[in-house]
Amino acid sequence: MKDLMAESGVAFGTSGARGLVSAMTDRVCYGYATGFLSYVRELGEYPAGGRVAIAGDLRPSTPRIVAACIQAVRDLGGEPVFCGFVPTPALALYSFAERIPSIMVTGSHIPADRNGIKFYRPTSEVLKDDEAGMAAQMVAFGDDTFDASGALREAQALPAIVDVEAAYLERYVQHFGAGALRGKRVGVYQHSAVGRDLLDRILRGLGAETVLLGRSDTFVPVDTEAIRDEDVALAHEWASGMALDAIVSTDGDSDRPLLADEAGTWLRGDVLGVLAARRIKAETVVTPVSSNTALELSGAIPRCFRTRIGSPYVVAAMQEASRTTSGLVCGYEANGGFLLGSDCSGVGGTRTSALPTRDAVLPMLLVLTAHDGPLSAQLATLPPRFTFSDRLTDFASELGTRLFALLEAGGMDQRLALQNELFGAFAGVAVTIDDTDGIRTTFDSGEIIHLRRSGNAPELRCYAEADTAERAAALSRLALPRVMAKLGIAAGAD
């Protein structure tokens, strides 16, 4: 497996394997699926002949990759359970309940020329500690299985679909009650999200009137952490003419939420996370270092823990918190994905099982069903801290290596001096640096600039935090040109 990763250029990021579609040949995807299942079998979690649940998103390359993964299951003597094209959390809910491994083919929010594969053990996401075990597996390829291009010679039709959507829908209708959204008028921005129709069914099952918006037959790379300007404009346009209480949407595999208030203003995922955690009465919250500090400043959560970016780190920290603390444990990410680490109570004393993987539906419903007035009023109860993220795309790995070598060089005084050189003219004096994941600098103004290489794509992310949304956006947009200028100086450019 390690050799296959190196040869193909398809490597693990923070959300599983990701790569260009051209690199994710049938042979490579077959190899990844085989390595994963061999590893889970080594752990004693996948018996010979066992079932494996498989699903995918709506990007054009997904059915081909699903077929390659299904072939890998069959060649190992297993039984593929094809769950169709459904949200990642719906697949996870099913596979966790059945105690079987699962494979989700999705590139999440990245463009359609790329794709990915997420892996789930019978009770958990594959965590960072699992990657070495997968990479060490031996993978055998049949001599006649693939052609010279790496395509399956005899690709078979996908099996009949096993329904996993009904249980996912029932989970939320049972938790909140069938009339929880009665009287609400909610826009559903569908684009190409795999859960677009299921999300509509859930809202209507809770009594909401829904308005379907922006459905697309081509894949739209909606990133809940770096919302496109066109999506900002669309939400305001829809809200101004349709008398909506909210607009809901998700990313491509429908595990990250996107929620706009009655004015069509999209909520940041880490702000939604604070509201959702408070509403569910969480006693412990785990979130990455990049999330908004309104979590701590609000004083609403007794215990808050910060991790590196990526759901595997959040899941691992939630597992540790569940072992060492009492009360409800949950987690969320800056992109909005909400992870329920404990069972919790719903209406009428019902119990909702833990779902320790990213979920888009739960946090949106927690906020939409709150009796605290419109969404804008709920936001007004939080400390005035705003975050903004931007990115440099096609940011080559060698640029990232050079940049972080500069940022990490020398002692703390030298590193703070470099931060002042880069950003001091508009951010103030650098006072602390957090190296948990990337370089996160706090300035004496209270403002924050955080630089990090993406684990899923060739991108440099820049997160900024300030006391107003406008200021946070300005910080990010001022910072990135300064970074590129510094790289130009280091490279001998003008």
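A residue is called buried when its relative accessible area is under 20%, exposed when that area is over 50%, and partly exposed in between. With a relative accessibility of 2%, Cys83 therefore counts as buried. The structure discussed in this report is a predicted model. The mean pLDDT of the protein chain is 93, and 98% of its residues reach 70 or more. Residues 489-494 have a pLDDT below 50, and beyond near neighbours in sequence this stretch has four contacts in the model.

## The cysteines

A disulfide requires two cysteine sulfur atoms within 2.5 Å of each other. By this rule, the model has zero disulfides. Two cysteines illustrate the result. For Cys69, the nearest cysteine sulfur belongs to Cys29 and lies 5.8 Å away, and Cys69 is in no disulfide. Cys69 has a relative accessibility of 0% and so counts as buried. Cys83 is likewise in no disulfide, since the nearest cysteine sulfur, that of Cys69, is 13 Å away, beyond the limit of 2.5 Å.

## The nonpolar cores

The largest nonpolar core contains 60 residues. Those with the most contacts inside this core are Tyr172, Ile202, Leu203, Val248, Leu259 and Leu365. Helix H12, which spans residues 361-368, gives the most to the core, contributing seven residues.

## The four-stranded sheet

An open sheet of four strands is arranged in the order S9-S8-S10-S11, and its pairing is mixed. Strand S9 (209-215) and strand S11 (257-260) stand at the edges; each has a single partner strand, so one side of each is left without a neighbour in the sheet. On average, neighbouring strands of this sheet are turned by 25° against each other, direction ignored.

Strand S8 (residues 185-191) pairs with strand S10 (residues 246-250) in the parallel sense, over three bridges. The pairing of S10 with S11 is antiparallel and has four bridges. S10 and S11 also form a hairpin with six residues between them, and Ser254 in the turn has a positive phi of about 60°. Some of the residues that stand opposite each other are set out below.

| Residue | Opposite residue |
|---|---|
| Val186 | Ala246 in S10 |
| Val188 | Val248 in S10 |
| Thr250 | Pro257 in S11 |

Is S10 mostly covered or mostly uncovered? S10 is mostly covered, for five of its five residues are buried. This holds for both faces: Ala246, Val248 and Thr250 are buried on one side, and Ile247 and Ser249 are buried on the other.

Helices accompany the sheet. Helix H7 (residues 196-205) lies across S8, S9 and S10, and runs at about 170° to S8. H12 packs on the sheet as well, touching S10 and S11, and its direction makes about 25° with that of S11.

## Two residues in loops

Val347 is found in the loop between strand S16 (344-345) and strand S17 (351-352). Leaving aside neighbours within four places in sequence, Val347 is in contact with Gln174, His175, Phe176 and Gly177. Val347 and Phe176 are 171 residues apart in sequence, yet their C-alpha atoms are 5.8 Å apart in space.

Ser290 is found in another loop, between strand S12 (284-288) and helix H10 (294-298). Is Ser290 buried or exposed? Ser290 is buried, because its relative accessible area is 3%, under the limit of 20%. With neighbours within four places in sequence left aside, Ser290 is in contact with Asp270, Ile309, Ala334, Arg440, His450 and Tyr463.

Definitions and conventions: Residues numbered from 1 in each chain as written. Predicted model: local features only at pLDDT ≥ 70, side-chain atom pairs only at ≥ 80, totals over all residues. Heavy atoms only, no water. Core = buried A, V, L, I, M, F, W, Y, C linked by side-chain atoms within 4.5 Å. Buried < 20%, exposed > 50% of the residue type's maximum accessible area, 1.4 Å probe, protein only. Pairing = 2+ DSSP bridges. Axes fitted to C-alpha atoms, helices over the stretch in contact; angles between N-to-C directions. Contact = heavy atoms within 4.5 Å. pLDDT = per-residue confidence, 0-100.
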